[in-house]
Amino acid sequence: MSKVYTWDQLFSRRQFIKGAAAGAALGVSAGLGFLAPDNMFAVEHSALKTAANESSELQKVTTICEQCVWRCGVIAKVDNGIVKKLEGNPDHPNNVGKLCPRGNAGIETLYSPDRIKFPLIRAGARGSGLWRRASWDEALTYTADQMKKIKDKYGAKAMMFNSTDNLSQPFFEILLKAYGSPNYGTQRSLCFNAMTTGFLYTYGVPQPGTDYKNCKYMIFAGRNLAEGISNNETQEMIEMIARGTKVVVLDPRFSKTASKATEWLPIRPGTDSAFFLAIINIIIKEKLFKKDFITTYTQGFDDLVQEVKDYTPKWAEQKCEIPAATIERIAREFAAAAPAAIAHPNWRTSNFKNSFQTERAIAVLNALIGNWAQPGGLIPDQEINTAKLGVLSHPPFPQAQGIRLDGVPWQYPLVPLSYGVIQTMRDNILSGKPYEAKGWLISRQNPILSIPERQKTINAFMKLDFVAVIDIQASDTAYYADVILPESSYLERYDGLIPIGSKIFIRQPVIEPLYDTKSSLMIYKELADKLGLGDFLPYKDERDLLAKQLKPFSITLDELEKAGHYVVPNFKKDHSKDFEFQTSSGKIEISSSIMAQMGKKAVPAWDEPPRPPKDHYYLLTGKTAQHTQMFTQNNRWLLEVFSENRAWLHTSVAAKLGIKTDDDVVLESDVGKVTIKAKVTEGIRPDCIFMVGGFGHVSKGLKSAYKLGASDSALHKTITDPLSGSSALSETFVTVSKA
Ligand SMILES: Nc1nc2c(c(=O)[nH]1)N[C@H]1C(S)=C(S)[C@@H](COP(=O)(O)OP(=O)(O)OC[C@H]3O[C@@H](n4cnc5c(=O)[nH]c(N)nc54)[C@H](O)[C@@H]3O)O[C@H]1N2
Ligand SMILES: Nc1nc2c(c(=O)[nH]1)N[C@H]1C(S)=C(S)[C@@H](COP(=O)(O)OP(=O)(O)OC[C@H]3O[C@@H](n4cnc5c(=O)[nH]c(N)nc54)[C@H](O)[C@@H]3O)O[C@H]1N2
Ligand code: SF4
Ligand SMILES: [Mo]
């Protein structure tokens, strides 16, 4: 058996230096295949210097960013196998030529000394950080053997498959279905389930687009586009504001978007639906709605009229703490701008147990002003207006046996199977109900930090027989695995092709892999082969797969690689189905058929959220422009611009508790306690504490991020919206004290 290493020994400076002594300033060192971190810093910075007086000889390779899930187009500038600079691809609609801070820092992701450089098999207790190096054949055989053992002994359902939105996810889903497990976990219930289910059960479309370019009046409820970046939309929002569009931001915190808006309304957390119901009340009372549109395309208007009668602006003021006069004025302004007005579907307004109702109120408000498929309004689903790739044929999937551990649909009938409720899956691993889970295959996901109540998630990992993780670095989740299958970074690999409208884009390697890593496309394929399921992923290698996806089009893979994208000729957008609503009634459901069938209130209604008890504060979480989720906190370039998270607290609270900016404070909830530096500010409601998520890593394999800042998931309670399955992240209350 090979030698056992700790993380420090595996990726220590001493070993790097040994490698570097082989003479390579940059490149794979002779004995160990590691890069020297000191040399890497030197190279990174000289790469930036070179970029300043850039020579035209640099090779340009077009590819796709993976520093977050938005998939912007990138042009990589490469000099003799070294990536010197990443630029935005002007031809790509997701970013039209610009990269955000995280996209620019992709070079550090590639050259990070903390990359996992070869497969690892656990060699001590789970989470002890003791590992041994394995060959790919050994690591994949070991993974397949464990998965087979679990299936033979307990059935396929005892194995769970988890993955967060990524380009190879469709192939991961094929592996799951071929194996025959019903248990699939995505990040969605931690993210936007309330929005997608709210819109799905109103319009039959989970995520309509928003026409920022023509919009004259926008209401954001907790959508912070300036920092929760969706690159092209962030740009469009800034242009919209510059053009003079009126932008109202509801946020308990003075976010960067609030700072750019026409109006910031520091709403009480969890009460957005009171605000929207009162807007609806005024629009109905003053007959500001679009009568013809409502008659032709909607059902349930009369029930809504009854329901909102008492939701007056005065009533709402008591709930959401926005003055009644302001609500009335906004209702009139919003209706006057119709149909070029949008109550934004948002993303993470899904922070309370009542969020499904909030999103339904937002969806219905848009219907009342008839902005569907109108300039400046909501844009119907783009799916049918997207070029269709070639598909690979495979044998029929076996029937998955057993109910799902995450309660979909038996506990959460409204939640689509492809979304799931990951926090309930975690809870049911612990409870062993309705049956015992035994194994977990996790790809590109970090549940230990992203699911509320981190300690519970760690306990769930400890309970399982087998955990395999596919990642590029020693994430907190990989740290608790039995086997780590290292993926090549996005700058070293192919993924499935990406059609957007009439264009097809490619992610391709801009350099050869630096280490003994593989693309997830090949990890899934080779694992399927070892499981005897190879026929389900019928490709030899990535290029073979991509060529098959390109089959319907008159372009070769070589040509696509060179051009970076392909425009399907004569592609016409089909708007014939814009007004065919895929709901039970075929109409926009102001009154939801499915809610009525379930015996629940079918029109949007008020659902009182809890308030913090005495001396407690709402704990809010959110994004910063300089980091992604629980992923980039180990990126040293990004740490230079955002070094750690802090607890925002209001000046008056700080004065009362004797706390100054940069003092250590202790935050304590019912489930956890953390110490974090304070940021004292006027830009937050006095009853709230805010922290950026994603810090406070427990993995010793993330040398820069380990223990930096604090994790809000150590504090979050597990509270789930029973309708949408959304995790109610803002319903945790904390106390604050000076450390
Ligand atoms: N830079 C960067 N960009 C990202 C990401 C990233 O990690 N980094 N992640 C991407 C992903 S996955 C997502 S989901 C999006 C998230 O994008 P957003 O949803 O826009 O951003 P968040 O920061 O999660 O939350 C927005 C705001 O909600 C506020 N808030 C909390 N509770 C309430 C409430 O009850 N009512 C109201 N009105 N506001 C409330 C918070 O103060 C916060 O400012 O960003 C995406 N873009
Ligand atoms: N406390 C708290 N919890 C939250 C949030 C919050 O703000 N605070 N936000 C919520 C939201 S909006 C979301 S969307 C979820 C996200 O939840 P997750 O999807 O679980 O979190 P990520 O950090 O996006 O996890 C991505 C993982 O992929 C790895 N990775 C990065 N690049 C690659 C790659 O190229 N290949 C592979 N194989 N792996 C890669 C990263 O190292 C990381 O481990 O978290 C949710 N949970
Ligand atoms: S938004 Fe930023 S990190 Fe995300 S894909 Fe685009 S450039 Fe990359
Ligand atoms: Mo998200």
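Reply: This is a predicted model. Ligand 2 has 26 residues around it, and Thr164, Ser450, Asp471, Glu487 and Asp712 come nearest.

Me: What makes the approach of Asp471 to ligand 2 a polar contact?

Reply: A polar side-chain atom of Asp471 lies 2.7 Å from an oxygen atom of ligand 2. The cut-off for a pair of N or O atoms is 3.5 Å, so this pair counts as a polar contact. The backbone takes part too: an N or O atom of Met630 lies 2.8 Å from an oxygen atom of ligand 2, and one of Ile470 lies 3.3 Å from a nitrogen atom of ligand 2.

Me: How much of ligand 2 does the protein bury?

Reply: Alone, ligand 2 exposes 910 Å², and the protein buries 97% of that. Helix 18 (447–450) and strand 17 (466–471) are the elements that give two or more residues to its shell. That shell divides into seven nonpolar, 11 polar and eight charged residues.

Me: Which residues are closest to ligand 1?

Reply: Gly222, Arg223, Asn224, Asp272 and His627 are the closest of the 30 residues that surround ligand 1.

Me: What makes His627 a polar contact of ligand 1?

Reply: A polar backbone atom of His627 is 2.6 Å from a nitrogen atom of ligand 1. With the limit at 3.5 Å, the pair therefore qualifies. A polar backbone atom of Lys623 is 2.8 Å from an oxygen atom of ligand 1. The protein covers 98% of the 910 Å² of accessible area that ligand 1 has on its own. Domain 3 (208–380) and domain 4 (617–738) each supply at least three residues to the shell around ligand 1.

Me: How many aromatic pairs does the structure hold?

Reply: It holds 31.

Me: Why is the pair of Tyr217 and Phe334 called edge-to-face?

Reply: The ring centres of Tyr217 and Phe334 are 6.0 Å apart, within the 6.5 Å limit for a pair. Their planes stand at 75°, and angles over 60 degrees count as edge-to-face, so the name applies. Tyr217 is in strand 10 (residues 217–221) and Phe334 in helix 15 (residues 324–337), 117 residues apart. Both Tyr217 and Phe334 are buried.

Me: Why are Tyr311 and Trp315 called a tilted pair?

Reply: The centres of the Tyr311 and Trp315 rings are 4.7 Å apart and the planes are at 40°. Stacked needs under 30 degrees and edge-to-face over 60, so this pair is tilted. Tyr311 and Trp315 are both buried.

Definitions and conventions. Residues are numbered from 1 along each chain as its sequence is written. Chains are lettered from A and ligands numbered from 1 in the order in which they are written. This is a predicted model: local features need pLDDT of at least 70, side-chain atom pairs count only at pLDDT 80 or more; totals for chains, interfaces and linings use all residues. Side-chain values use heavy atoms; hydrogens and water are left out. A residue is near a molecule or strand if one of its heavy atoms lies within 4 Å of it. A polar contact is a pair of N or O atoms within 3.5 Å; within protein, one must be able to donate a hydrogen and the other to accept it, and residues adjacent in sequence count only if both atoms are side-chain atoms. Accessible areas come from the Shrake-Rupley method with a 1.4 Å probe; for residues, only the protein chains shown count as cover. Helices (H or I, at least four residues) and strands (E, at least two) are DSSP runs, numbered from the N terminus. Ala, Val, Leu, Ile, Met, Phe, Trp, Tyr, Cys and Pro count as nonpolar, Asp, Glu, Lys and Arg as charged, and the others, Gly among them, as polar. Buried means under 20% relative accessible area, exposed over 50%, partly exposed in between (1.4 Å probe, protein chains only). Domain bounds come from an automatic or database domain assignment.
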